[in-house]
Amino acid sequence: MRQPAVTIRQLGAEDAGGFRALRLKALVSAPTAFASSYEEDAALTDEMLRARLVAAPSAVFAAFAGEEMVGMAGFAALSGPKRRHRGLLWGVFVEADQRGRGIARRLVEQIVAHARQHVLVLEAGVTSGNDSARGLYESLGFRHYGTLSKALRIDDAFYDEVLLSLDLAE
Ligand SMILES: CC(C)(COP(=O)(O)OP(=O)(O)OC[C@H]1O[C@@H](n2cnc3c(N)ncnc32)[C@H](O)[C@@H]1OP(=O)(O)O)[C@@H](O)C(=O)NCCC(=O)NCCS
C-alpha cells in the first residue's frame, strides 16, 4: 500500500496531546535510548508540556504521515550568558514501522537548521551501541568528543553515553 507523504513542522501548544502520546511511546519502546524515564514524563502535566513546546528558542519538530505524528526531535537551548551559545538535540524518535525512510534524517536536519539560527554548538548524546542514531548524527557532521561511562542506570544495568557535538560556526 502506498504510504502517505511525510511532512515536518514545528509543534505548538495545540500539539501537546499528540506530543505526549508519541513521547511516551518512545520512552516505552526504546528505554535505553533516552535519559528520561516513562514515569517521569507520564507525570508531566498538560501545562508543562505546552510550556515545553513554546519555550523559544527551544523547539520540538515532528514528522507527520498524513495526519499521524510518526516522529519527533527536540532542540533545547542552554541558558545563562556563558552557555546560551550551546544547544542540545534530544528526543529523536521515529515509529518502528516508519523507519528507514529518511524521516529521522529530515528531522535532525530541521533541528540543525533551527539551531543555526540560535546557537554556535549543537550537542547530542547517544547510548553506546545505538549505531543508527550515531551513524545518522555523524553523517550530518557531529563529531565524537568523549564517552561517559555509566551515564544511564536502568534497574541494575548501566549504559555508556557517546557524546557528540556539531560546531555550527565552522
Ligand atoms: C534512530 C532512529 C531515530 C532512526 O530513524 P529512521 O527514520 O529510521 O532513520 P533514517 O531512515 O533517517 O536513517 C538515517 C540514517 O541512519 C543511519 N543508519 C541507519 N541504520 C544504521 C546502522 N545500523 N548503522 C549505522 N548507521 C545507520 C544512516 O546514516 C541513515 O542514513 P541513510 O539515509 O544514508 O541511510 C530510529 O531508529 C529510532 O527511533 N530508534 C529508537 C529511538 C532512538 O534510538 N533514538 C535516538 C536517540 S539518540
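This is a predicted model: local features need pLDDT of at least 70, side-chain atom pairs count only at pLDDT 80 or more; totals for chains, interfaces and linings use all residues.
Residues are numbered from 1 along each chain as its sequence is written, and side-chain values use heavy atoms, without hydrogens and water.

I then listed the shell: 21 residues surround the ligand, each with a heavy atom within 4 Å of it. The closest are Val92, Gly100, Gly102, Arg105 and Asn130.

Next I checked polar contacts (pairs of N or O atoms within 3.5 Å). I found an N or O atom in the side chain of Arg99 at 3.4 Å from a ligand oxygen. A backbone N or O atom of Arg101 lies 3.3 Å from an oxygen atom of the ligand, and a polar backbone atom of Ala104 is 3.1 Å from a ligand oxygen.

I looked up cover as well: the protein covers 69% of the 950 Å² of accessible area that the ligand has on its own, by the Shrake-Rupley method with a 1.4 Å probe.

Finally I located the ligand in the largest pocket, with more than half of its atoms within 2 Å of the grid points. A pocket here is an open set of points on a 1 Å grid over the protein atoms alone, where a 1.4 Å probe fits, with protein on both sides within 12 Å along at least five of seven lines.

Note on methods
A polar contact is a pair of N or O atoms within 3.5 Å; within protein, one must be able to donate a hydrogen and the other to accept it, and residues adjacent in sequence count only if both atoms are side-chain atoms. On a 1 Å grid over the protein atoms alone, a cavity is a set of points where a 1.4 Å probe fits but cannot get out, and a pocket is an open set with protein on both sides within 12 Å along at least five of seven lines; lining residues have an atom within 4 Å of a point.
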